[in-house]
Amino acid sequence: MKRLCQRVLPMALTSLLAACATTPQPSIPKGGTTIAPPRTSIRDVDHGIHGAAKPLAQGNVWDDLRSSFAMADCDADPVIMSWARSYTRNPDRFEAQMRDALPRLMYVQKVAAQHGVAGEFALLPWVESRYRPIPSSKGNPAGMWQIMPVTANALGMRVDKNYDGRLDVPAATDAIMSLLSRYHEDLGDWRLVAYAYNAGEFAVRKMVNQRGAPPAEPIIPKLPVKPVTREHLAKLLAIACVVREPQRFNVELPQLPVDQQLVSVDVDRSMPLAQAADHAGMSVDDMKNLNAGFRNGYFDKSAATYLLVPSNRAEQFRNALVSDATAGKADDAPPMAPAEAAAASDRPATSKKSAKSAPKTVAKAGTGGVRTHTVKAGDTLWTIARRYSVDVEQLKRVNHLNGKTLRLGQVLTVDATR
């Protein structure tokens, strides 16, 4: 797959996204207007598990995903069926790949629903990476979304030798879904959103301004984009086709028990991932794989305030963190050096060595004890709301925000007392 670097729009902080593969396309009715993405049953977010979205009820995942689709079906273009058959040529291998991807797929689906993004885009990481946390060498795309460094910078993601936000599933997924939602607000057509993801919003907007909005047919718009961009769209529609009609391809879509779905748990101090794994009763490798953004095997609270774990490990993890705090293993310890952190991450998961942590960051107290938060690079309404255990809509209401855009240095009131 060809990697394409997106151009950053001068007037928008997160104007483009570069991806490793090509782009998907939306299904449009006769007349050329796009179908708005149906709202799935995942409309309510439960912040009871430290800001994590509530796991789906057993058996709902595929029905909910299909009901949120807004683009073309299997028979809209022969190339869609061609790619769908290519994906499922070996049914056993396809099913195994889908089982491995399912925890992340379901997490992405919930975030897509929260942003009102067409369900097909929850399958975009399949096209990009098969949902794998692919690391990056200098200048190359990374993560399951295959985000280029320039795009990460435009999105306000932190990328350095210790942490890569592109591999942080919650942060990267929220940033991408916010981006796709803004693309749709601007372009009004999910097919063009798919093109913009691969070729850049500026380039697609320029084509539309010059040639007008594409008609409903052909399903893959005949804009002067590169073949890889059209192919990317066909691939996205193809994997959505398999999800629509798995029996047509002799495959069975896997199910994921509720207790194995992913949730994010707030962590209030830095620690080696080996210690976090021990607290959660997980293997170190599994903890690192789910939290691949922390490159040195060390959870740095200055980079994120949560770790991703299966739902059935969340309570044990939370209880262990509380026990640590009660025992005095708190945030007043000096931060661990990277070399020491790397060594600690290689220790057995049964190690009971207390975590050393980075200095704690707290919300500033305003007049009368009201908490405030100063927006920094990488912040979104979702991450801020999760940090302070408040609702996104409450945060918007208290601060009189009409949209999702934040400014660096902007001071937000966290408590609903304004």
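A disulfide is a covalent bond between the sulfur atoms of two cysteines. In this predicted model, such a bond joins Cys 74 to Cys 241, with a sulfur-to-sulfur distance of 2.1 Å. The count of disulfides comes to 1. The link between Cys 74 and Cys 241 is right-handed, with 110° about the S-S bond. It ties together distant parts of the chain, 167 residues apart: Cys 74 belongs to the loop between helix 1 (61–67) and helix 2 (78–87), whereas Cys 241 belongs to helix 9 (residues 227–244). Both Cys 74 and Cys 241 are buried.

**The nonpolar cores**

The largest nonpolar core holds 100 residues, and the members that touch the most others are Phe 121, Leu 123, Trp 145 and Ile 239. With neighbours within four places in sequence left aside, Leu 123 is in contact with Leu 65, Phe 69, Leu 105, Tyr 131, Leu 236, Ile 239, Ala 240 and Val 243. Another core, of 11 residues, lies apart from the largest one; among its members are Ala 385, Tyr 388, Leu 406 and Leu 412.

**Helix 12**

Helix 12 (residues 311–326) has 16 residues and should span 22 Å at 1.5 Å a residue; its end C-alpha atoms are 24 Å apart, which agrees. Its buried residues are Ser 311, Ala 314, Phe 317, Ala 320, Leu 321 and Asp 324. Viewed down the axis of helix 12, these buried residues fall within an arc of 145°, so they line one face. An α-helix has 3.6 residues a turn, so residues three or four places apart point the same way. The buried residues of helix 12 are covered by elements including strand 1 (262–266), strand 2 (271–272), helix 10 (273–280) and strand 4 (306–310). On the face turned away from the buried side, helix 12 carries the exposed residues Glu 315, Val 322 and Thr 326.

| Residue | Relative accessible area | Class |
|---|---|---|
| Lys 376 | 36% | partly exposed |
| Gln 146 | 2% | buried |

Lys 376 is found in the loop between strand 6 (371–374) and helix 14 (381–387). Leaving aside neighbours within four places in sequence, Lys 376 is in contact with Arg 387 and Leu 408. The C-alpha atoms of Lys 376 and Leu 408 are separated by 5.3 Å, although these residues stand 32 residues apart along the chain.

Gln 146 is placed in the loop between helix 4 (124–129) and helix 5 (149–154). Its side chain reaches the backbone oxygen of Gly 143 at 3.0 Å.

Conventions. Residues are numbered from 1 along each chain as its sequence is written. This is a predicted model: local features need pLDDT of at least 70, side-chain atom pairs count only at pLDDT 80 or more; totals for chains, interfaces and linings use all residues. Side-chain values use heavy atoms; hydrogens and water are left out. A nonpolar core is a set of buried Ala, Val, Leu, Ile, Met, Phe, Trp, Tyr and Cys residues joined through side-chain atoms within 4.5 Å. Buried means under 20% relative accessible area, exposed over 50%, partly exposed in between (1.4 Å probe, protein chains only). Contact means heavy atoms within 4.5 Å. A disulfide is a pair of cysteine sulfur atoms within 2.5 Å. Helices (H or I, at least four residues) and strands (E, at least two) are DSSP runs, numbered from the N terminus. A polar contact is a pair of N or O atoms within 3.5 Å; within protein, one must be able to donate a hydrogen and the other to accept it, and residues adjacent in sequence count only if both atoms are side-chain atoms. The expected span of a helix is 1.5 Å times one less than its number of residues. The arc is that of the directions from the helix axis to the C-beta atoms.
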